[in-house]
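Colleague: I would like to go through this model and ask what stands behind the words used for it.
Modeller: Go ahead.

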Amino acid sequence: MTTTLDRSAKAPAASKGVIPVFIGLMTAMLLASLSQTIFATALPTIVGELDGVDHMLWVTTAYILASTIMIPVYGKLGDLIGRKHLFMAAISIFVIGSIVGGLATSMPLLITARAIQGIGGGGLMILSQAIIADIVPARERGKYMGIMGAAFAVSSVAGPLLGGWFTEGIGWRWGLWINIPLGILAIVMAAAFLHPAPEDRARPRLDVAGMALLAIATTAIVLVTSFGGRTYAWDSPQIIGLGAVTVVAAVAFVLVERRAAEPVMPLHLFRSRTFNLTTIAGMLTGVGLFGVIGYMPTYLQMVASVDATEAGLLTAPMMLTMLVTSTVTGFIVSRTGRYKWYPVAGSVLIAIALYLLSTLEFDTSIWITVAYLAMLGLGLGFSMQTIVLMVQNAFPLRIVGTATAGNNYFRQVGASLGTAVVGSMFTTRLLDLLAERLPAEALQGGGGSNSLTPAAVAELPDQIHDIIVGAYNDALTPAFLLMAPLAVIGAVLLLLVEETPLRTTVAKDAVPESLEVDGASSEYLEPHDAEVVEDGALPARR
């Protein structure tokens, strides 16, 4: 017997209380995205002042790694205990990390501060997305998700600009101090306007073993990509050992999750075809996105000989196209209910843009570089937030936080790997090229290649300057070519996703209207008892 779900009881799409909550969520997302972009233009100066070019990649990798580990934890805890106070705690931790970073006097301390920021930052994006799913139906959510994507674009422009302005003016540390008032504002907005409906919740049973194993596996794989071929040879005992730790921890994680009462990442998620396809595609997108955002401003400062503020301005076209495309796509999706082809087209555009970026030479016109970045932003605007919406629509709302966290986790793994791989390739090849091309005495007395800043390079004799600029170009552009095929694979995977109607209710047990359940009841199993039958459809309670 097959019974169609009752769709008569629909929650309102957006009450008057949604707007102030949404403002608070946008502020939190601004914090999260600024933290990943504001250092882009300041990074060359920071590593020069703190004498740490060889540790440059860890300023970004430490944040992304910590936030990646925490994403599934926040997602699961939000489903178990509610999101409001968890959201406020995540913001508080993020602000503490910002204070530590603002006081840092060495690269190790700055990297530690970035890790603390990441522990809090892992909850900002995922909890914001899950809270919107709590109060806005999927059919209406498209426009909100589009605006969220636009906010990321805005902060991605503001981040490099602020980073450049602070670096050239009051100091790069203000890139961290600015998080304090923004964090306080987000906490106040959440406390004042976020009023979740009271629910009877059982005492949460935390999956501590699963969380620990997930952290070990994630850390080990990022360390492999960061150290491999640079600090240690790929066939060294250290890299082989880290690879073994990754495999063992991953296998143990799967075994633990099969028996956990409340698994941090339920294995039934992976029975959803939509979840699997969109998650892999999102992970591949993350590799390209953070590989470019993290190092392109540095490239522009060194190769195009622009200052930090100008480098931020030159990335603005990428974010402008992303802003417009994300917002327009979100409203079109809400209006039409159709969404599949936007991320497919976006992945194709990302692949083309990455290939074009790989063809840059140190004497390429700056406007050509800007045009390629604008194409990349166009592709990202089509795909990023739409993929999240596809995942949320595939699962009942009671586990939407866990499902969204799972998707974001793997995207962040892609970001971690992308940042680590691109950073490792870039810094290793850069140091090798500088050692190979520069005379041994060229940089003596100034701290060597570890203390190169854009200002210092600009003052060098023309011959030395051209060698360094050429080395920066030849060190970074090959990484873009390696990432382009990943976006092509993402497009193919998204082609295989089956488009289903967007949900028009925020009922806890609602699933997409196209899905049906067997049995005469529309009740659903709790997350730890659930089994996904097909793209998020859950069987009736036994």
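Colleague: How close do the axes of helix H3 and helix H4 come, and at what angle do they cross?
Modeller: This is a predicted model. In it, the axes of H3 (residues 84-102) and H4 (residues 107-135) come within 7 Å and cross at roughly 155°.

Colleague: Why is H3 called roughly antiparallel to H4?
Modeller: Angles over 145 degrees count as roughly antiparallel. The crossing angle is roughly 155°, so H3 is roughly antiparallel to H4.

Colleague: Which hand does the crossing of H3 and H4 have, and which classes of residue form the contact?
Modeller: The crossing is left-handed. The contact of H3 with H4 has 16 nonpolar and 8 polar residues, and no charged ones.

Colleague: Why does Thr246 count as buried?
Modeller: Buried means under 20% relative accessible area. Thr246 has 15% relative accessibility, so this residue counts as buried.

Colleague: Where is Thr246 found, and what does this residue touch?
Modeller: Thr246 is found in helix H9, which covers residues 237-259. Leaving aside residues up to four places away in sequence, Thr246 touches Ala217, Ala220 and Ile221.

Colleague: What share of the protein is buried, and how many helices and strands are there?
Modeller: Of the 542 residues in the protein, 59% are buried. The secondary structure comes to 17 helices and 2 strands.

Notes
Residues are numbered from 1 along each chain as its sequence is written. This is a predicted model: local features need pLDDT of at least 70, side-chain atom pairs count only at pLDDT 80 or more; totals for chains, interfaces and linings use all residues. Side-chain values use heavy atoms; hydrogens and water are left out. Helices (H or I, at least four residues) and strands (E, at least two) are DSSP runs, numbered from the N terminus. Buried means under 20% relative accessible area, exposed over 50%, partly exposed in between (1.4 Å probe, protein chains only). Axes are lines fitted to C-alpha atoms, for helices over the stretch in contact, and angles run from 0 to 180 degrees between N-to-C directions. Angles under 35 degrees count as roughly parallel, over 145 as roughly antiparallel, 65 to 115 as roughly perpendicular and the rest as oblique. A crossing is left-handed if the near helix is turned anticlockwise from the far one by less than a right angle, and right-handed if clockwise. Ala, Val, Leu, Ile, Met, Phe, Trp, Tyr, Cys and Pro count as nonpolar, Asp, Glu, Lys and Arg as charged, and the others, Gly among them, as polar. Contact means heavy atoms within 4.5 Å.
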